[in-house]
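Welcome! Please take a look at the sequence and the model below, and then we can walk through some of the features together.

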Amino acid sequence: MKTQHFHNGTIWLGAGAQTEDSLVVQDGTVVASGSHAVAAVLDQVSSHVGAELESIDLDGGFLMPSFGDGHAHPIFGGMEAEGPQVRSCTSVEEIIAEVERYAEAHPDDDWITGASYDGSLVRDGLFDAEWLDRAVSDRPVVLRAWDYHTVWCNSRALELAGITAATPEPQIGEIPRRDDGSPLGTLREWGAVDLIDAFRPPHHESVRLRALDRAADYYLARGVTWVQDAWVEPADVETYVSASQQDRLKLRFNLAFYADPRRFTQQLPEMLSARQRIEGLSDPLLTARTVKFFADGVIENETGALIEPYCTSLHNHGMRVWEGDSLAKAVREVDAAGFQVHIHAIGDAAVRQALDAIEYTIRHNGARDRRPVIAHAQIIDSADLSRFAELGVIANMQPLWAQLDDLMTVLTVPRIGRERAVAQYRMRSVLDSGGHLAFGSDWPCTSGAPLEGLAIAVSRQTDDGEPDGGWTPEEILDIERSLDAYSAAVAHQAFADQRSEEWGVIRPGASADFIILGTDPRTLLPQELSDAPVRRTYLRGVAVHSAD
């Protein structure tokens, strides 16, 4: 039996709990914390001949439960290292130059694909195919936007996909056009993006596995040991199964199968089969217990569903992905099959539709511990706020988004107006009303580093400290509630308390999934949190990342 003794630092057991100064782990499981309990265990260890004891000096550091990411897209994130590197480009000309450089360096690539460009670089986020033609005209080019709801194509890609002036508007999608009806080059939402994806060859499995490895390393370096993959399609299942069979999974993943209203009837048996396949692996690092629904799109595309119309279009209320009562019926079906529900809802109309679907499901399927999730919940109408607690719904929000950055000021506020703008990301309101709040990042749409999100949660300010006192300061969270939202609350979302290996907490019997920070985050200014060093990340008692 291997025993680890952590000491000489601060051990944070969770929000509202006292801190301790020492901790003992045996074979990857927490057995004791606090001086007296630890001393008793160490006495027993010392009495056993040949017992293995590792003494780990925290050197004044801060040990806490590891972070979980309640909503992310790890394979997408890992894939961003493949193809043209457009994420850091600050102008259209930079993007064009990077695409041209990549194309010249990879003359054998039949398709040039990459992610993810900044949609706010151009008015209304409308990018022209002719701009990409200047970089590459003889091969198709497809770039994803940062929101992953939009792609930008060159003329050759549009030609191969047969997208012309005669192409009708797709279901759950939009093709922005020129005055003559020809496609501009920007495609919005899945119905339009699918027109391109039907012709774009898939990445080789070795590339996808490399992307998953890369994503895992990214997360472990930032203290994350559990991730909710919030958009899983059949090819992704194959990648996760391959990674598990090759013993390449480096942290915990839960898969959420994507529910498409255009083919949901055929999908549900496929989801059940995929879940059974994952369960058959008996891999403690991989589960598949969730189904992901999109109720709407995003506000920046004016596809987020709003109760009142957009300021820029008097009769435009956005896009509902599921019409009528179809979302409620589909949610009821997957719930009856034992899946957890995870619904993307950005606008207040989408949030209401998601809540209605969950209420309908509870009424028809009966009470049970289902822990439904509404992801993002960017705008919650006041009339719906109390329903999160009443229905047991977890609001999974992205704290990094709750700031007056360029995305907010350039794309979001002009579309919804100032009155609705200040009603965004009501994190404290959800908690104060008795609801559950868990954090996620939506990486790679935005940074997957929890400490960067925490810096915004406790300040509602940009990196420059603007505005003074914080934007919508009534929604600021204290540091302990914020840490809890990125650890124990995500574990609750993940049903960690019902797993054979409980995580997200530090108490006897729990898995030793925790991180060591270089300093106590409770003592830092908000702007200092982003740079707080993650010294080590532990998974099941093993140091899977070390800053050393």
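Is W131 buried or partly exposed? At 24% relative accessibility, W131 counts as partly exposed, because buried would require a value under 20%. Please keep in mind throughout that this is a predicted model.

## Aromatic pairs

The ring partner of W131 is F127: their centres are 6.2 Å apart and their planes stand at 75°, so the pair is edge-to-face. F127, at 0% relative accessibility, counts as buried.

Searching the whole structure gives 28 aromatic pairs. One of them joins Y117 and W152, edge-to-face, with 5.5 Å from centre to centre and 75° between the planes. Y117 belongs to strand β7 (residues 112-117) and W152 to strand β9 (residues 150-153), so this pair ties together parts that are 35 residues apart in sequence. Both Y117 and W152 are buried. Elsewhere, F76, Y148, W190, W231, Y258 and F294 are linked into a cluster by ring pairs.

## Charges over rings

Two arginines are worth a look here. R222 lies over the face of Y218, at 3.8 Å from the ring centre. The charged end of R275 sits over the ring of F339, 4.1 Å from the centre of that ring.

## The open sheet

Eight strands make up an open sheet with parallel pairing, in the order β6-β11-β12-β13-β14-β15-β16-β17. At its edges stand β6 (67-72) and β17 (436-439); each has a single partner strand, so one side of each is left without a neighbour in the sheet. On average, neighbouring strands are turned by 25° against each other, direction ignored.

The parallel strands β6 and β11 are joined by four bridges. A72 has D229 in β11 as its bridge partner.

## Helices across the sheet

Helix α8 (residues 234-245) contains twelve residues and reaches 17 Å from its first C-alpha to its last, close to the 16 Å expected at 1.5 Å a residue. This helix α8 lies across β11, β12 and β13, and runs at about 150° to β11. Helix α10 (residues 326-336), in turn, lies across β13 and β14 (340-345), running at about 170° to β13.

Which residues of α8 are buried? They are D236, V237, T239, Y240, V241, S242, A243 and S244. Their cover includes the helices α2 (74-79), α7 (205-220) and α9 (264-281), along with the strands β11 (224-232), β12 (252-258) and β13 (286-294). Just after α8, D247 takes a positive phi of about 55°.

Technical notes. Residues numbered from 1 in each chain as written. Predicted model: local features only at pLDDT ≥ 70, side-chain atom pairs only at ≥ 80, totals over all residues. Heavy atoms only, no water. Helix = DSSP H or I, 4+ residues; strand = E, 2+ residues; numbered from the N terminus. Expected span 1.5 Å × (residues − 1). Buried < 20%, exposed > 50% of the residue type's maximum accessible area, 1.4 Å probe, protein only. Contact = heavy atoms within 4.5 Å. Pairing = 2+ DSSP bridges. Axes fitted to C-alpha atoms, helices over the stretch in contact; angles between N-to-C directions. Phe/Tyr/Trp six-rings, centres within 6.5 Å; stacked < 30°, edge-to-face > 60°. Lys NZ or Arg CZ within 6 Å of the ring centre and 35° of its normal.
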